[in-house]
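Here is a friendly walk through one structure, from its sheet to its charged pairs and its surface. Please have the viewer open as you read.

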Amino acid sequence: MSTVWVVSSVLAWVVIALLVAVVLSLLRQTSELRLRLDEFDGGELFEAPDDDARLHEAVTAVAVPVVPAPAVDGTTAADPPVLTLGGLQDRPALLVFHSPGCHGCVGVEEAVEELATEAPDARIVSVLALRRDDAAAHLRRRPLPGVPTVSIDDLPRELRRPSTPSMLGLSRDGTIALLGRPDGVDGLRRAAQATSAA
């Protein structure tokens with residue numbers, strides 16, 4: 001084995017180690033930047049255990065307060081309405097999880113709003129991965145007319161998702177019938193139909 005070959009091998013491994021260190025540093029900086037962006041928007045990263053919602057699990061009925069949407073004059077209702085999720089319902093529900101600082105959530109609010117205007121078989125519910133006050137502030141900046149919005153903090157653990165964007169379908173009998181990731185208005189429409197048919 002020549003000295004040149006040994007030196008070139010060692011240098012190659014040093015370069016590979018440096019590249020790995022640079023990639024790891026960039027990943028860390030990206031996550032820190034995401035945290036800062038979420039704080040700037042008044043929210044926080046939604047971090048839940050991976051095993052919160054389970055497919056085919058029955059969910060007992062729970063009353064969830066709807067985040068009060070601002071009225072035309074800018075005021076909000078003193079007593080926000082309550083949305084019952086789980087248990088026996090007249091309509092299935094499709095919960096769409098999103099947050100303002102989430103890069104993958106771009107276009108989710110528009111798709112939710114468009115689908116809600118089509119009056120699908122399933123009730124469309126927007127779930128903001130923010131505290132209730134921060135969710136209300138976000139709705140003042142970006143209202144979702146005709147779409148009930150709830151805060152992730154008000155959902156029971158069995159209805160939470162570990163990341164945004166994501167979605168959860170509740171059948172009429174309160175069973176989790178669908179778990180997935182929203183993919184535009186067509187994907188949401190198919191998810192609403194699948195939830196309704198479950």
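Strand β4 (residues 123–128) pairs with β5 in the parallel sense, over 3 bridges; helices (H or I, at least four residues) and strands (E, at least two) are DSSP runs, numbered from the N terminus. Two strands count as paired if DSSP finds at least two bridges between them. Within this pairing, valine 127 has valine 150 of β5 as its bridge partner.

This is a predicted model, in which local features need pLDDT of at least 70 and side-chain atom pairs count only at pLDDT 80 or more, while totals for chains, interfaces and linings use all residues. Residues are numbered from 1 along each chain as its sequence is written, and side-chain values use heavy atoms, with hydrogens and water left out.

Now step back to the sheet. It is open, has 5 strands in the order β5-β4-β3-β6-β7, and its pairing is mixed. β5 (149–151) and β7 (176–180) are the edge strands, each pairing on one side only. On average, neighbouring strands are turned by 20° against each other, direction ignored.

Two helices meet this sheet. Helix α2 (residues 108–117) lies across β3 (93–98) and β4, at about 160° to β3. Helix α4 (residues 184–197) touches β3, β4, β6 (166–170) and β7, and its direction makes about 145° with that of β3. Contact here means heavy atoms within 4.5 Å; axes are lines fitted to C-alpha atoms, for helices over the stretch in contact, and angles run from 0 to 180 degrees between N-to-C directions.

Next come the charged pairs. A salt bridge is a side-chain nitrogen of Lys or Arg within 4 Å of a carboxyl oxygen of Asp or Glu, and the count comes to 7. Three of them are listed here:

| Pair | Closest N and O atoms |
|---|---|
| Glutamate 109 – arginine 142 | 3.8 Å |
| Glutamate 113 – arginine 142 | 3.0 Å |

Glutamate 113 lies in helix α2 and arginine 142 in the loop between α3 and β5, so their pair ties together parts 29 residues apart in sequence. Glutamate 109 and arginine 142 are both buried, whereas glutamate 113 is partly exposed because its relative accessibility is 21%. Buried means under 20% relative accessible area, exposed over 50%, and partly exposed in between (1.4 Å probe, protein chains only). Arginine 189 and aspartate 186 both lie in helix α4, 3 residues apart, about one turn of the helix.
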